[in-house]
Amino acid sequence: FSLNPPEITIPEYFTPNGDGIHDSWVIEKLAEVYPNAIVNIFDRYGKLVALFFGSNSEGWDGTYNGVNLPSTDYWYMIDIEEIERKYIGHFTLIRR
C-alpha cells in the first residue's frame, strides 16, 4: 500500500505591517506535519536572508539581522527529508 504525504500550503505573499493579517510568511501545516523541515529564504541575488526549521510556527517576519527588508520577491527552498521532497518557488513581501 502507499500513503500520500500531507500537503503543505505555501503563501504567495505576506504584508508585515502590524495589522494582524498576513504579518508573517507562515507555511500552513508545516510545524504540525514536518517539524524537521528546513526552510531557506533567499533574496533576488541569491543571498540567504532567513533559515528556520518547520517547527517554527511563527514563520518569517521579513527582516534580516533585525532590519526590515524591502518589498520585492523572495525565493524559498523547503527541504523535507521525511518524504524526500524539496519545494522551490517564490513569494512577495509587500510593505505599505
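**Entry 1**

The model is a predicted one, in which local features need pLDDT of at least 70, side-chain atom pairs count only at pLDDT 80 or more, and totals for chains, interfaces and linings use all residues. I kept to residue numbers that start from 1 along each chain as its sequence is written, and to side-chain values that use heavy atoms, with hydrogens and water left out.

I then checked Y76, which counts as buried at 10% relative accessibility. W25 and Y76 form a tilted aromatic pair, 5.5 Å centre to centre with 35° between the planes. The pair links distant parts of the chain, 51 residues apart: W25 in the loop between β1 and α1 (30–33), and Y76 in strand β6 (residues 72–80). For the rule, rings of Phe, Tyr and Trp (its six-membered ring) pair if their centres lie within 6.5 Å; planes under 30 degrees apart are stacked, over 60 edge-to-face, and the rest tilted. Helices (H or I, at least four residues) and strands (E, at least two) are DSSP runs, numbered from the N terminus.

**Entry 2: the other aromatic rings**

By this rule I count eight aromatic pairs. One of them joins F14 and W60, tilted, at 5.7 Å centre to centre and 55° between the planes. F14 belongs to strand β1 and W60 to the loop between β3 and β4 (63–64), 46 residues apart. F14 is buried at 0%, and W60 is buried at 5%. I noted one aromatic cluster formed by F14, W25, W60, Y74, Y76 and F91.

**Entry 3: N40**

I found N40 in strand β2 (residues 38–42), buried at a relative accessible area of 9%. Neighbours within four places in sequence aside, N40 is in contact (heavy atoms within 4.5 Å) with L48, A50, L51, W75, Y76 and M77. L51 is also the bridge partner of N40 in β3. β2 and strand β3 (residues 48–53) run antiparallel and are joined by five bridges; two strands pair if DSSP finds at least two bridges between them. In their hairpin, with five residues between the strands, G46 takes a positive phi near 90°.

**Entry 4: the salt bridge**

I found one salt bridge in the structure, defined as a side-chain nitrogen of Lys or Arg within 4 Å of a carboxyl oxygen of Asp or Glu. E7 forms this bridge with R85, the closest N and O atoms being 3.8 Å apart. E7 lies in the segment before β1 (13–14) and R85 in strand β7 (residues 85–93), so the pair ties together parts 78 residues apart in sequence. E7 is partly exposed at 45%, and R85 is partly exposed at 36%.

Terms used: Buried < 20%, exposed > 50% of the residue type's maximum accessible area, 1.4 Å probe, protein only.
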